Amino acid sequence: MIHDDPELPPGFGVFELRPDWDQPVGLCFAPDGRMYVWEKAGRVWVVEYGSRHPVPFLDISEEVGNFLSHGLKGFALDPDFYDNGHAYLLYDVDRHHRFHEGTPDYDPDDDEFENPTISRITRYSGNPEDGFRTADPDTRRVLLGESVDTGIPQLHTHDCGTLLFGADGSLLVSAGYA
């Protein structure tokens, strides 16, 4: 529910989130005011008119290493989102998924959380047919971290951070250790 608060500047309001989120990490807004919320486990949701859509914008939870402080860390909408539909994600890769997905050794319930992994940046495109309320999984493009050699090394927790666009349209990423 969104309501006005006389203590806030004009155009701002209070939005109460329901308690059924699974560790939300952050949120960003599309030009039309639609809110995109990402959860640590690897799901991104659209919130419109105070309600979360029943289907996630994107769910990459099988690929995301969700343990301790690892998970989906950053999400950003392209400055031209409603023209190109591009959304960017920064996350720690589930090591078992990285090395075994597509092989007989793969088990989606298995993990190798105690071993080093990488962080990755991917880009997906939203579906214009549904007003960019879902992303097309087939548009996945790995921009950084296709392999162990090209990813951001993650040796322990408190690692990579966020994605955002600079004023010049450059996609910026923070990475480091605390």
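Nine salt bridges are present in this structure. By salt bridge I mean a side-chain nitrogen of Lys or Arg within 4 Å of a carboxyl oxygen of Asp or Glu. Some ground rules. This is a predicted model: local features need pLDDT of at least 70, side-chain atom pairs count only at pLDDT 80 or more, and totals for chains, interfaces and linings use all residues. Residues are numbered from 1 along each chain as its sequence is written, and side-chain values use heavy atoms, with hydrogens and water left out.

Start with Arg-43 and Asp-22. Their side chains form a salt bridge, 3.2 Å, N to O. Arg-43 sits in strand β5 (residues 43–48), Asp-22 in the loop between β2 (14–15) and β3 (24–29), 21 residues apart. Strands are DSSP runs of E, at least two residues, numbered from the N terminus. Arg-43 is buried at 18% relative accessibility; Asp-22 is partly exposed at 33%. The cut-offs: buried is under 20% relative accessible area, exposed over 50%, partly exposed in between, with a 1.4 Å probe and protein chains only.

Next, Lys-73 and Asp-92. Another salt bridge, 3.3 Å, N to O. Lys-73 lies in strand β8 (residues 72–77), Asp-92 in strand β9 (residues 86–92), 19 residues apart. Lys-73 is buried at 13%. Asp-92 is buried too, at 0%.

Then Asp-32 and Arg-34: 3.0 Å, N to O, again a salt bridge. Asp-32 is partly exposed at 46%, while Arg-34 is buried at 6%.

Last, Thr-134. Thr-134 is in the loop between β10 (117–126) and β11 (135–144). At 18% relative accessibility, Thr-134 is buried.

Technical notes. Helix = DSSP H or I, 4+ residues; strand = E, 2+ residues; numbered from the N terminus.
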